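Dear colleague,

Please find below the sequence and structure that I am handing over to you. My notes on what was found follow directly after.

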Amino acid sequence: MELDRLVFTFFNLEIAREYWPDIVKGFVITVRLGLATIATGLALGLALAMLRSFQQRAVNWLIVLYADAFRALPPLMVIIILFFAFPYAGLPMSAFVATWLSLSLVLGAFAEEIFWAGIISIPKGQYEAARSTGMSAGWTLVYVILPQAVRLTIPPLTNRTIAITKGTALGSVVALAEILGSAHSASSLAGNPTPLTLGAIAYLVLFIPFVILGRWVETRFAWKR
Amino acid sequence: MEAIFQQFLNPAIAAKVFPYLLQGLGTTFLLSLLVVPLGLAGGLAVAVLWSLRRRRLNWLLICYVDFFRAFPPLVLLLFIYFGFPFIGIDIPAIFAVAIGFLLNTSSYYGEIFRAGIESVPRGQWEAARSTGLSWARMMLHVVVPQASRNVLPDLISNTLEVVKLTTLASVVAIPELLNAARNAQALTYNPTPIVIAALMYLVLLWPIVRVISRLEHKAVAVR
């Protein structure tokens with residue numbers, strides 16, 4: 001009896017049938033937002049780490065300032081600033097753009113630090129050997145340093161990317177109709193938490209493969225001690 | 001420039017909302033004091049249970065950890081906060097936050113402690129046991145202290161993430177810093193309160209970011 005009520009409340013088939021299209025729409029938005037965030041965040045991080053390896057003092061200082069700031073600020077705080085404060089400066093943006101930009105900036109900051117740690121872990125001899133064969137500094141970075149460095153950064157980068165991509169759910173706070181946003185409004189409409197259950201399942205379907213991938217990557221690319 | 005300043009860091013509004021934001025900051029601090037120890041204790045429990053090396057138990061622990069690492073914390077929090085009243089249990093927001101954070105952060109801390117415990121050489125375990133320490137005392141006095149020290153950078157870094165995560169409590173109307181700032185912004189029609197809140201996070205958390213960077217670079221240099 002108790003179980004019946006629980007099932008009726010959290011997995012009401014009728015309500016699930018009515019609202020699942022909303023969740024699917026949210027799922028599509030979450031996937032688009034997540035892919036966009038990963039692409040821009042990782043590209044930004046890699047570009048900044050490469051720029052940093054040229055050791056220009058003023059440039060490095062700015063990069064460190066950026067990376068520190070966006071590692072210190074809570075992602076939700078960044079989203080709120082972009083969405084609620086920037087319109088006052090004449091820069092209104094949609095909930096999607098605000099969430100995407102915030103998460104990209106946060107991921108970019110973490111990725112820059114991880115790529116940079118990878119770059120400086122490559123012995124100086126590698127750089128010197130490449131340069132002595134006549135390669136330019138730029139080619140050395142691209143063909144010699146980065147291929148070795150990126151391999152080392154894969155495990156921490158995978159885990160960090162998953163953690164930040166889960167932040168797409170924060171978009172619901174600025175009324176973005178991604179999975180959580182649409183599940184939440186559907187469950188208020190229905191007066192029943194079933195849409196939230198569906199949303200939770202959607203997140204698990206989306207992220208569990210990546211968590212397992214992260215676990216595999218951790219053993220596959222582990223630091224050789 | 002002057003106009004931007006008036007808009008985003010308006011001194012009159014700043015002075016008016018500052019005490020209110022300080023109160024929010026105090027709540028954020030107390031909230032962190034609640035959820036960080038909860039997560040640490042939960043994570044340590046997960047890792048110690050893991051080290052018992054019971055096959056079925058370990059399988060369950062991996063399921064637990066992966067499940068809650070795949071679940072966005074905000075989804076978990078809202079599910080607990082809005083779900084429970086439907087089955088007739090009204091829980092205060094702070095309780096929902098405590099449960100949600102315990103489930104989420106204990107899985108992250110658990111993975112960190114597990115890596116730490118595995119990094120303690122087997123000889124240490126055997127030596128401790130051979131001096132007559134019970135299994136529990138060996139864990140408490142020999143393994144866990146060394147394990148924690150080995151993963152200290154990760155522990156600090158995850159603790160920073162947990163403190164930043166307390167902003168989620170604003171969504172269930174706990175009056176922490178972000179919540180206070182948003183209320184103040186709604187009342188004053190001015191972004192100054194949220195800009196000040198962001199500056200507060202920046203000033204208070206930056207030193208921790210620096211410490212983490214130092215520790216991580218040191219770890220790379222040692223290899």
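**Helix packing and the contact between the chains**

The crossing of α6(B) and α7(B) is right-handed. This is a predicted model, and the description below should be read accordingly. Helix α6 of chain B covers residues 122–130 and helix α7 of chain B covers residues 135–150; their axes lie 10 Å apart and the packing angle is about 160°. That angle is why α6(B) counts as roughly antiparallel to α7(B). On the α6(B) side, B:Gln124, B:Trp125, B:Ala128 and B:Arg129 take part, and they meet B:Met138, B:Val142, B:Val143 and B:Gln146 of α7(B). Sorted by class, the residues of this contact are five nonpolar, two polar and one charged.

As for chain B in general, it has ten helices and zero strands. The C-alpha trace of chain B spans about 70 × 50 × 25 Å along its principal axes.

**Where chain B touches chain A**

Each chain contributes to the contact between them: 37 residues come from chain B and 37 residues from chain A. Five elements of chain B each supply at least two residues of the side that touches chain A, namely α1 (2–8), α3 (55–70), α4 (73–83), α9 (177–188) and α10 (192–222). The largest share of that side, 13 residues, belongs to α10(B). By class, the side of chain B that touches chain A has 25 nonpolar, six polar and six charged residues.

One helix pair across this contact can be described in detail. Helix α9 of chain A (residues 194–220) and α4(B) cross at roughly 160°, and their axes come within 11 Å. The two helices, α9(A) and α4(B), are therefore roughly antiparallel to each other. Their crossing, that of α9(A) and α4(B), is left-handed. From α9(A), the residues A:Leu196, A:Gly199, A:Ala200 and A:Tyr203 meet B:Val75, B:Leu78, B:Phe79, B:Phe82 and B:Gly83 of α4(B). This contact of α9(A) with α4(B) comprises seven nonpolar and two polar residues, with no charged ones.

**Bent helices in chain A**

Helix α7 of chain A (residues 137–165) has 29 residues, yet its end C-alpha atoms are only 34 Å apart, whereas a straight helix would reach 42 Å at 1.5 Å a residue. A bend of about 50° is found in α7(A) at A:Ile154, and the proline A:Pro155 follows within four residues.

Helix α2 of chain A (residues 13–52) has 40 residues and reaches 55 Å from its first C-alpha to its last, which is close to the 58 Å expected at 1.5 Å a residue.

The crossing of α5(A) with α7(A) is right-handed. Residues of α5(A) in this contact include A:Leu103, A:Leu107, A:Phe110 and A:Ile114, while those of α7(A) include A:Ile145, A:Ala149, A:Leu152 and A:Pro156. In total, the contact of α5(A) with α7(A) divides into 15 nonpolar, three polar and one charged residues.

With kind regards

How values were computed. Residues numbered from 1 in each chain as written. Chains lettered and ligands numbered in written order. Predicted model: local features only at pLDDT ≥ 70, side-chain atom pairs only at ≥ 80, totals over all residues. Contact = placed C-beta atoms within 7 Å. Nonpolar A, V, L, I, M, F, W, Y, C, P; charged D, E, K, R; others polar. Expected span 1.5 Å × (residues − 1). Bend = angle between axes of the 7 residues up to and from the residue. Axes fitted to C-alpha atoms, helices over the stretch in contact; angles between N-to-C directions. Parallel < 35°, antiparallel > 145°, perpendicular 65-115°, else oblique. Left-handed = near helix turned anticlockwise from the far one by under 90°.
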